[in-house]
Amino acid sequence: MWRLGFGIVVTVAMWAQEDAAALLEQKCLHCHGEMRLGKLDLRTRESALRGGEHGASIVPGAAATSKLIRMVSGQDTPRMPLGGALTEAEIGVLRTWISGGASYPERTLVAKQKLGVTPEPPLREADKKWWAFQPVQAVGGTIDSWLNAAMAKAGVKPAPRAGRATLIRRAYLDLLGLPPTPAEVAAFVESRDPQAWPKLIDHLLASPHYGERWGRHWLDVARYADSNGYEHDFDRPNAWRYRDYVIRALNEDKPYNVFLTEQLAGDEIDQPTHDSLTATGFLRSYAKVGYREKDNPEFRFEYLDDMIATIGRGVMGLTVQCARCHDHKFDPISQKDYYRMQAGLFGYVEVDHPLAPPAEAKAWREGNARIDAAIASLRDKQREIEAPYAARILPGKYKRFPANVQEAIATPEEKRTPGQVLLANQVIRTTRATPGEIDRICSAEDLAARREIQREMAALEKQRPAAPPLAMGVTDGDYRFTPDGAGDEPAPGKGIKTEAISGSFLHEGPGRYIAPPSFLLVRGDMHAKAEPMPPGFPRAVDWGGLPAAVATASGKTSGRRLALAQWLTAPEHPLTARVMANRIWHHHFGRGLVASLDNFGRMGDRPTHPALLDYLATEFRTRGWSVKAMHRLIMTSEAYQRESADESGSTIDPTNRLLWRYPMRRLEAEIVRDQVLAVSGAMNCSVGGPAVFPPLPEELLASSNKGVWKRQADGPETWRRSVYVYRKRGLPFPMFETFDLPDQNIACGARNVSTVPTQALYLMNDPFLLRQAELFAGRIREAGGDPVATAFRLALAREPRTEERAAVAGLSLEALAQVVLNLNEFLYLR
């Protein structure tokens, strides 16, 4: 009996062992096998008992307390496996197995199938009815009729019309970011023309300085900067051309639908231009690790995520990026929605577009390619000479790293775990034997050979053809490209070519581009590929009428980005026109009808005037997507022209949500500086071109020695408008940072506005501002007459009051100038 009982126990244990092993292979090892997600490897008993990031996953003999059971049963979250919950019977198999000791077969377990297709949650009726997902309603009325109706309902009386001097300063600062001259103020105040106000608006919209002012608003959305950011903060020598494109497009009143299309797919439109190719810098304006993407391929998914976040928040007002690792927690955006959008962008590569005639650009590319090939061959020879010396030097350098890093480097490459691969690659890539170190131990013969190779490479570099103007942008990479008639499935290439390249397209001659495959990634992990994802759009706002890819005229790109642009700008899209109309309204009034500019979802604010928002969106599209037409529409309303100092409605509506008065607000950092330069008479008004580098304190430069900050004198060369000041991600310009410069690494909807002592201290003590105050005093002196009146007319566009004259009586011109530049009124739009 005893022997029979023992045999039965052994047999049951073996059955449990094999059933559990089969279940692990079928359901768990895709993620917790070779990929070791969460550092958990269930392929062997030893690694399973060791556990992962959350400790031991299996406690033999104690199923109830084992982490594995708690996760698969849903007692702990997230419930595993992510591809679909286990049945009670399957959970029972694992319980029996662990209770019996959790023995493993005498083999290493192997994943039997990939992760199953993740089910997509259906859209609920409540989701479909969310206000932002409804079609834009064509409503009648005017801006004032909608605002006045809401005020009448609340019992609020609108403020009276502002005086003409106030209005002209408001318009100049709002549209140009510069103050009017005393002569311009006098002419407008004294005019008897009933059309003086709309004519003034047209005059300002025709100024080249309009694009500099309003271009800055869009550059916030585009997260524009002149450097990469992160540790090395490398310079982007051609980024400024995208900035100039934005300024130029706004000055030309380029229709917003065209403006968007060029930025998303300027290389895919029927007839690409230098402007449209430059516009693709919008997608490439993400903060970037290192210099070349091929050095850090794992970050490619971070850059794609940044693009999705920027398009989602900046264009659609949706936080699509929140669905990267799981379905969105609040909005009806699934993880599949996210990866459908990613598939539309996935083929992108960085490219420097030559802004030159095609033949000239082609000759330059071919000349560079020949020199690159020759230098590459010489570098191979140099590495061959250096390799044995580097092999003697590097082991000593690796010893300064922790033991786990040394172990990762010592482990043969094919046997490294994913974690060891990451550690080893990071150290090996950044730890080098320097030329000086090699020279010290190099034989005389090899040293001579190295120096001869270096001379040959230097000579080749001198033969490079002069580069044409280049624009930082994107196009689709060379994953697959088939000549005409070669069929649908050519042999794959070497993978997406991700490093920065030169030339508008990577493919020469006739043919057809085939996009690279893109996958849903489990928990956003680039190593956890689930099912392949086709391109597409978020279901909650997709009416199903447009394709996710279109044929391009060149045939050399996927057409997916062009399809995305066409979908975003289609008349049926419920968000694009609303979001931009709301953004324009925000910059005129300091607050959008939807206060959360980049979030029209459930966690954002609801519109204060829903019908007015739809009226503006309809007018925006009807008027040809013209931003300037929206300025005229908004600025000619009674609401825009109201007094800001009125207090009559503050009891009922203290926050002015009903806009019964014009909302006074602080000017942005750049406009504060621009106003100072304009009032002092020192401003260099040249438009466009490379960035300038106003002087910075030496101690500040010493603390940030990565990237570039050229040393330029404090003078006319750097006294340009602030939109042209170099945007260094790792070193924000101090004045801008003091006055609430937004995070330059992400798209910004509405800037924060703070009031802190350092702002007053900066205005009173900064050497630049003190010098500008001296120049302002010189301008007052040169004008002659009443110095107080001159100062107020130049800086505030009005006459001084009696009490103000008394307050500044007896001050020197320099002190008077500094006092006026420090007035609250000077810093505010009222």
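This report describes the overall build, the nonpolar cores and selected helices and strands of a predicted model.

## Basis of the model

Residues are numbered from 1 along each chain as its sequence is written, and side-chain values use heavy atoms, with hydrogens and water left out. Because the model is predicted, local features need pLDDT of at least 70 and side-chain atom pairs count only at pLDDT 80 or more, while totals for chains, interfaces and linings use all residues.

## Overall build

The protein chain holds 34 helices and nine strands (DSSP runs, H or I of at least four residues for helices and E of at least two for strands, numbered from the N terminus). Its C-alpha trace spans about 115 × 80 × 60 Å along the principal axes. Of the 830 residues, 53% are buried (under 20% relative accessible area, with exposed over 50% and partly exposed in between; 1.4 Å probe, protein chains only).

The accessible surface of the chain is about 36900 Å², and carbon and sulfur atoms account for 56% of it (Shrake-Rupley method, 1.4 Å probe). Contacts (heavy atoms within 4.5 Å) between residues at least 6 apart in sequence join residues at least 24 apart in 72% of cases.

## Nonpolar cores

A nonpolar core is a set of buried Ala, Val, Leu, Ile, Met, Phe, Trp, Tyr and Cys residues joined through side-chain atoms within 4.5 Å. The largest such core has 165 residues, and W218, W585, L616 and F776 touch the most other members. Helix α15 (residues 300-316) gives the most to this core, namely eight residues. Another core lies apart from it, with 22 residues, including L42, I58, I91 and I98.

Leaving aside residues up to four places away in sequence, W585 touches I143, L147, G590, R591, G592, L593, L612, L616, I634 and L659. In soluble globular proteins, nonpolar side chains tend to be buried together.

In strand β1 (residues 348-354), seven of seven residues are buried. Y348, E350, D352 and P354 point one way, and V349, V351 and H353 point the other way. In a regular strand the side chains alternate between the two faces of the sheet.

β1 pairs with strand β2 (residues 470-476) in the antiparallel sense over seven bridges (pairing requires at least two DSSP bridges between the strands). The bridge partner of V349 in β2 is T475.

## Helix α13

Helix α13 (residues 256-265) is mostly covered, with eight of its 10 residues buried. The buried residues are Y256, F259, L260, T261, E262, Q263, L264 and A265.
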